[in-house]
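Hello,

Here is the structure I promised to pass on.

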Amino acid sequence: MGGIEQNRVKTMANLSQEQTCPACGVTVANDVVQFSNGSTGTRARLYARVCQYAKKPECINQDKELIGVVLHEDGFMEAPPIKLG
């Protein structure tokens, strides 16, 4: 089996499993992330909001192929500027 085919098999196996991340406690089932608060999301949203900052070795969301493309809207919006004084 070639490299591309092995990656596809690995990806399909990972997508069909339910996993709970020991680093942050979120559950990923069929590539859908259940956050502790709010609606469900994608692995890209989880990465943009948590994983890229936590950088814990036990994190289950580090495979760039499974994360996919992280869009601007996956992260948090910047707060508006605050005028002091």
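Start at Phe35. Beyond its neighbours within four places in sequence, Phe35 contacts Val26, Thr40, Gly41, Arg45 and Leu46 (contact: heavy atoms within 4.5 Å).

A caution on the source. This is a predicted model, with local features needing pLDDT of at least 70, side-chain atom pairs counted only at pLDDT 80 or more, and totals for chains, interfaces and linings using all residues. Numbering runs from 1 along each chain as its sequence is written, and side-chain values use heavy atoms, without hydrogens or water.

Phe35 also belongs to the largest nonpolar core (buried Ala, Val, Leu, Ile, Met, Phe, Trp, Tyr and Cys residues joined through side-chain atoms within 4.5 Å; buried is under 20% relative accessible area, 1.4 Å probe, protein chains only). That core has eleven residues, including Cys21, Val28, Tyr47 and Ile67. Helix H2 (residues 43-54) gives the largest share, four residues. Across the chain, buried residues are 24% of the 85.

Now the fold. The chain has three helices and four strands, in the order α-β-β-β-β-α-α from the N terminus (DSSP runs numbered from the N terminus: helices H or I, at least four residues; strands E, at least two).

The four strands form an open sheet, order S1-S2-S3-S4, with antiparallel pairing (pairing: at least two DSSP bridges between two strands). S1 (18-20) and S4 (40-41) each have a single partner strand, so one side of each lacks a neighbour in the sheet. S1 pairs with S2 (residues 27-29) over three bridges. Glu18 has Ala29 in S2 as its bridge partner.

Best wishes

Definitions and conventions
Buried means under 20% relative accessible area, exposed over 50%, partly exposed in between (1.4 Å probe, protein chains only).
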